[in-house]
Amino acid sequence: MKMPLSGIRVLDLCIILAGPTCGRTLAEYGAEVIKIDSWLRPPSDRQLSDVGRGKRSICLDITKSEGLEVFLRLVDTADVVLGGFRKGVAERLGIGYEQLRERKPDIVYLAINAFGQDGDWSNRPGYEQNAQAATGVQVRNGGRGEKPIHSPYTFNDYGTGLMGAYAVMLALLHRRRTGRGQFVHTSLAQTGSTFSSPFLIDHEGYERNEAEGLDARGSNALNGLYEATDGWFVIADADWDTLTNITAFKHLSARDEFATDALRSRNDAALCDALGAVFRARTVADWLNDLRAGGIDAARNDGIDRILNDDYPREHGLIVNEDVAGLGQVTHAGVAPRLSKTQPMLGTTPTFGEDTEAVLLELGYEVEEIDSLRTVGVIPPLG
């Protein structure tokens, strides 16, 4: 089956998570992605088996003139270049968009960094937690007036990679229609702002009262987390009449302070306490059975260990296993978006640099020239 991005060649110069996530996503939908790393800076095994999947891996030092020439010859064969540099760094290396566009006018060039390509912050280095700090995430996690809390989830990194893949595919669509490439960019802070969009809404008379901080368990009593005898679960936007039709909650419908939507909103904390007292009397499984049977959406709060051993995500390709050289069997996430006609292609994990010589031979380099590149340190020595 022909994949949506079949025939597209991508050069991935990015490190850590955001840019490599973009490259992995493009590979999952058929692009040939060549991951280019300095052989002196190998990624961790975890990074390689996570965001290196589905790529060809080559080691190349583009700071040397001979390495830059190899890269430029690769550009001649490519459709997309992914860069993860602070503003101005790519240009100093001789691989900025305008420099590559002179050589390959239809190239699509994605730039990813921490704080974007515009303004005073564009030259700042930064990682996931910097972007969280700059976009209000850590203050919301800790709560207004409390200590900021770093989120343990790298949603800006992965989100920026997905945003980048989205932008690249739009640029490729534009190129197919017009024949013209273009420069596209995104950043961790831009992603953080996008994820924060409901909290950035403001207008005259708006009262900021979003749930936040360590004690936040939901937006209101009918949309939040509750503790049972053996764990936690969540109810999502429960309808009051539907909930109080369930035997365990019928008594709450008779309480005057909960008689209307307005009163329930005004007495939300009391309602939360009343529901909590009921929920603490039985197990999660009992409540899930009764709530779902009664028409209330509810789900268990599962930990990673339980998720990894659950049959459902494995049966649906959300959790997969792969045998990786040197690591044995590795468990990792599958591909989330699904297309009915062109299913994604879950790539395998390459060995770091394993495709270096093959790619050079494809570019027309002779064996003697490849040996010379090893001698000057552009590619790693044998063994």
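## Side-chain pairings in a predicted model

Arg175 and Asp106 bring their side chains together in a salt bridge, with N and O 3.6 Å apart. That pair connects distant stretches of the chain, since Arg175 belongs to helix α8 (residues 155-178) while Asp106 sits in the loop between α5 (97-103) and β5 (108-113), 69 residues apart. Please keep in mind that this is a predicted model. The count of salt bridges comes to 25, and a search of the whole structure turns up 11 aromatic pairs.

**Salt bridges around Asp106**

- Asp106 also forms a salt bridge with Lys104, where the closest N and O atoms are 3.1 Å apart.
- Asp106 counts as partly exposed because its relative accessibility is 24%, a value that lies between the 20% and 50% cut-offs.
- Lys104 has a relative accessible area of 13%, so this residue is buried.
- Arg175 is buried too, with a relative accessible area of 13%.

- Glu210 and Arg144 form a salt bridge whose closest N and O atoms are 3.9 Å apart.
- This pair, too, links distant parts of the chain: Glu210 is in the loop between α9 (188-195) and β7 (218-220), Arg144 is in the loop between α7 (137-142) and α8, and the two are 66 residues apart.
- Through salt bridges with shared partners, Arg144, Asp202, Arg208, Glu210 and Glu212 are joined into one network.

**Aromatic pairs**

- Among the 11 aromatic pairs is the one between Phe233 and Phe279, which is edge-to-face, with 5.0 Å from centre to centre and 90° between the planes.
- Phe233 lies in strand β9 (residues 231-235) and Phe279 in helix α12 (residues 268-279), so their pairing ties together parts that are 46 residues apart in sequence.
- Phe233 and Phe279 are both buried.
- Phe279 also pairs edge-to-face with Trp287, at 5.0 Å centre to centre and with 85° between the planes.
- Trp287 is buried, as is Phe279.
- One aromatic cluster takes in Tyr226, Phe233, Phe249, Phe279 and Trp287.

**Arginines over rings**

- Arg73 places its charged end over the ring of Tyr365, 4.0 Å from the ring centre.
- Arg217 lies over the face of Trp232, and here the distance to the ring centre is 5.4 Å.

**Thr191 in helix α9**

- Thr191 is found in helix α9.
- Its relative accessible area is 0%, so Thr191 is buried.
- The side chains of Thr191 and Thr160 make a polar contact at 2.7 Å.
- Setting aside neighbours within four places in sequence, Thr191 is in contact with Phe155, Asn156, Gly159, Thr160, Met163 and Thr186.

Key: Residues numbered from 1 in each chain as written. Predicted model: local features only at pLDDT ≥ 70, side-chain atom pairs only at ≥ 80, totals over all residues. Heavy atoms only, no water. Salt bridge = Lys/Arg side-chain N within 4 Å of Asp/Glu carboxyl O. Buried < 20%, exposed > 50% of the residue type's maximum accessible area, 1.4 Å probe, protein only. Helix = DSSP H or I, 4+ residues; strand = E, 2+ residues; numbered from the N terminus. Phe/Tyr/Trp six-rings, centres within 6.5 Å; stacked < 30°, edge-to-face > 60°. Lys NZ or Arg CZ within 6 Å of the ring centre and 35° of its normal. Polar contact = N/O pair within 3.5 Å; in protein donor to acceptor, adjacent residues only side chain to side chain. Contact = heavy atoms within 4.5 Å.
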